[in-house]
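Biologist: Hi! Could we go through the charged pairs in this one together?
Modeller: Happy to, let's bring it up.

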Amino acid sequence: MADNSQRMSYNAGEAKGQAEIKKDQMVDKASGDMQSAKESCQQAGQQMKEKAQGAADSVKEATGMKK
């Protein structure tokens, strides 16, 4: 009977270890996804800034304010 108890304890430990590995993999993936989203937002913000600057420069040129 001790053998069966030891096997059950081993299996429980094995399952816990596999669950922890899976959790860590999911956390790593989520972290990577968040970093990717952050970089996409930064790129979009930079593009918007450049377009706004270009529009402002066009208005200045059209009104003769740019020298």
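**Salt bridges, pair by pair**

Modeller: Let's start with Asp33, which is partly exposed at 44% relative accessibility. Keep in mind that this is a predicted model.

Biologist: Thanks! Which residue does Asp33 form a salt bridge with?
Modeller: Its partner is Lys29, and the closest N and O atoms are 3.0 Å apart.

Biologist: Where do Asp33 and Lys29 sit relative to each other?
Modeller: Both are in helix α1, 4 residues apart, so about one helical turn separates them.

Biologist: And Lys29, is that one buried or exposed?
Modeller: Lys29 is exposed, with a relative accessible area of 55%. The cut-off for exposed is over 50%, so Asp33 at 44% counts as partly exposed.

Biologist: Nice. How many salt bridges turn up in the whole structure?
Modeller: The search finds 4. Another one of them joins Arg7 and Asp3, with 3.1 Å between the closest N and O atoms.

Biologist: Which helix are Arg7 and Asp3 in?
Modeller: They both lie in helix α1, which covers residues 2-63.

Biologist: Switching over to Asp24, what does its side chain meet in a salt bridge?
Modeller: That would be the side chain of Lys23, at 3.4 Å from N to O.

Biologist: How accessible are Asp24 and Lys23?
Modeller: Asp24 has a relative accessible area of 40%, which makes it partly exposed. Lys23 counts as partly exposed too, at 48%.

Key: Residues numbered from 1 in each chain as written. Predicted model: local features only at pLDDT ≥ 70, side-chain atom pairs only at ≥ 80, totals over all residues. Heavy atoms only, no water. Helix = DSSP H or I, 4+ residues; strand = E, 2+ residues; numbered from the N terminus. Buried < 20%, exposed > 50% of the residue type's maximum accessible area, 1.4 Å probe, protein only.
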